[in-house]
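Here's a walk through a protein structure, one piece at a time. Keep the picture open and follow along.

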Amino acid sequence: MSKRAIRGASWLLTMDAARQELVEADILYEDGEILAVGQDIAGDLPSIDARGCVVTPGLVNTHHHLYQSLTRAVPGGQDALLFGWLQTLYPIWARFTPEHMHTSAQVGLAELALSGCSLSSDHLYLYPNGSRLEDTIHAAAELGIRFQPTRGAMSIGVSDGGLPPDSLVERETDILADCIRVIDTFHDPAPSSMCRVGVAPCSPFSVSRELMRDAALLARDKGVMMHTHLAENEEDIAYSLENFGCRPGEYAESLGWVGRDVWHAHCVKLDAAEIALFAETGTGVAHCPCSNCRLGSGIAPVRAMRDAGVPVGLGVDGSASNDAGNLVAEARQAMLLQRVARGADAMSAREALEIATRGGAEVLGRPECGHLSVGARADIAIWDVSGIESAGSWDPAALLLAGPTTVRDLIVEGDEVVRDGQIVTLELQDVIARQTTMARALRDTI
């Protein structure tokens with residue numbers, strides 16, 4: 001790939017080590033890597049005009065269930081708490097096929113890309129009717145988004161005291177064998193990697209203690225990251241106390257599930273001791289504010305986590321519990337919830353954007369992403385602030401206060417994924433039509 005440039009950005013929020021903010025600035029990149037950031041450096045290189053725009057690093061999504069984009073706003077689950085919501089949706093998800101998984105991933109990732117997301121994780125923990133993790137991996141490759149899929153799993157069904165139906169659980173030996181298969185086949189540890197695979201038992205109430213421990217041993221042997229749900233709501237805490245005799249953070253620590261190679265989703269109900277544990281060990285948190293609101297789980301103590309030094313990123317969570325997949329809107333919600341809980345000065349727009357970029361990259365173990373610096377990957381979001389959303393804004397760089405909530409352009413590894421507000425790597429309308437047909441068919445069989 002020849003050298004290219006972003007030219008004349010009216011505001012450039014680098015999220016670099018010094019958190020520099022530049023005006024009328026350029027970015028040079030080649031072969032997916034940023035070569036230079038500064039003023040009047042584009043010369044006569046082929047370039048994208050960013051005048052009238054705010055330019056940021058691509059956003060980073062640290063928790064998702066892409067398959068759930070096929071089950072948004074399902075009646076019976078709209079007003080339920082977490083466990084009741086899951087019990088409503090499990091029987092529907094049990095009918096999914098590989099085509100459902102692939103199409104829903106295309107839709108979910110495209111939605112994220114339009115909201116400025118260049119790197120997304122995904123937590124796929126059920127595999128009905130021959131579905132496999134690569135159904136989502138291929139979808140990400142087709143779109144061109146940087147992807148961190150995790151091989152999730154459930155092994156304790158309702159007949160053994162778990163929450164999921166028996167039809168959706170797997171034998172633990174099969175789970176571990178497939179983890180090895182997908183890591184060996186798809187995981188790329190290089191800094192330029194477009195796909196890194198993680199290991200992700202679903203939750204403490206859907207897998208055994210033995211699987212949690214064995215999964216951690218396997219992940220560390222393979223040098224990959226580990227992910228699960230933890231301390232999401234009061235039901236979660238009660239289950240842990242009743243079944244394990246300790247709080248979720250203690251349970252995770254006892255099984256090796258803390259460290260810089262681990263990140264947990266939600267953590268709404270972490271107490272002060274658990275926050276201190278995560279800070280001491282560098283254990284990451286995927287904060288999912290919209291889902292936590294939607295399911296009535298509560299407000300995660302993000303201010304306390306950040307102040308203690310816990311790595312925190314943002315996650316949109318599943319599209320059946322959000323029910324959207326807009327990451328910049330998630331950042332705004334994170335900012336607003338901390339202000340509701342702690343006061344209007346609890347979190348600034350710039351700090352929330354930092355969590356959505358640099359913070360998420362740290363959580364996912366990707367220090368080469370999440371900032372616009374020499375040597376970083378060329379993952380770049382361009383936001384047109386000349387429209388109605390920002391009209392009258394005195395500080396367009398405070399992007400989360402006014403908008404917009406969709407990008408004009410998105411560059412991932414130096415390649416365009418979104419141009420002029422449109423996905424350029426997929427025939428998105430065809431994908432949406434296919435998903436709509438699938439969703440109606442699922443609805444009509446209830």
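Let's start with a crossing of two helices: α2 passes α3 in a right-handed crossing. A crossing counts as right-handed if the near helix is turned clockwise from the far one by less than a right angle, and left-handed if it is turned anticlockwise. The names come from DSSP runs numbered from the N terminus, with helices being H or I runs of at least four residues and strands being E runs of at least two.

Before going further, a word on the ground rules. This is a predicted model, where local features need pLDDT of at least 70 and side-chain atom pairs count only at pLDDT 80 or more, while totals for chains, interfaces and linings use all residues. Residues are numbered from 1 along each chain as its sequence is written, and side-chain values use heavy atoms, with hydrogens and water left out.

Back to our pair. Helix α3 covers residues 134–143, and its axis is 8 Å from that of α2, at a packing angle of about 40°. (Axes are lines fitted to C-alpha atoms, for helices over the stretch in contact, and angles run from 0 to 180 degrees between N-to-C directions.) That angle makes α2 oblique to α3; under 35 degrees would count as roughly parallel, over 145 as roughly antiparallel, 65 to 115 as roughly perpendicular, and the rest is oblique. On the α2 side the contact (heavy atoms within 4.5 Å) is made by P98, M101, H102, A105, Q106, L109, A110 and A113, and on the α3 side by D135, T136, H138, A139, A140, E142 and L143. Sorted by type, the residues of this contact are 9 nonpolar, 4 polar and 2 charged. Here Ala, Val, Leu, Ile, Met, Phe, Trp, Tyr, Cys and Pro count as nonpolar, Asp, Glu, Lys and Arg as charged, and the others, Gly among them, as polar.

Helix α2 (residues 98–114) has another partner, α14 (residues 428–444): their axes come within 10 Å and cross at roughly 130°. These two helices are therefore oblique to each other, and their crossing is left-handed. From α2, the contact uses E99, H100, T103, S104, Q106, V107, A110 and L114, and from α14 it uses L428, V431, R434, Q435, M438 and L442.

Now follow α3 to its meeting with α4 (residues 172–186), where the axes come within 12 Å and cross at roughly 20°. That makes α3 roughly parallel to α4, and the crossing is right-handed. E134, I137 and H138 of α3 meet R181, V182 and F186 of α4.

What about the inside? In soluble globular proteins, nonpolar side chains tend to be buried together. A nonpolar core is a set of buried Ala, Val, Leu, Ile, Met, Phe, Trp, Tyr and Cys residues joined through side-chain atoms within 4.5 Å, and buried means under 20% relative accessible area, with exposed over 50% and partly exposed in between (1.4 Å probe, protein chains only). The largest core has 117 residues, and W85, L86, W93, L143, W257 and F278 touch the most other members. Helix α1 (residues 82–93) gives this core its largest share, 8 residues. Leaving out residues up to four places away in sequence, F278 touches L230, V258, H264, C267, L270, T283, V285 and V310. A second, separate core has 18 residues, including I27, I48, C53 and A376.

A376 turns up again beside E33, which is also in contact with L28, G375, R377 and A378, setting aside its neighbours within four places in sequence. E33 sits in strand β5 (residues 33–38) and is partly exposed, at a relative accessible area of 32%.

Finally, some backbone details. Cis peptide bonds join N322 to D323, with omega about 0°, and G403 to P404, with omega about 10°. D323 is in the loop between β15 (312–314) and α11 (327–342), while P404 is in the loop between α13 (399–402) and β17 (409–412). M15 isn't a glycine, yet has a positive phi of about 55°; M15 is buried, with a relative accessible area of 7%. A231, also not a glycine, has a positive phi near 50° and is buried at 0%.
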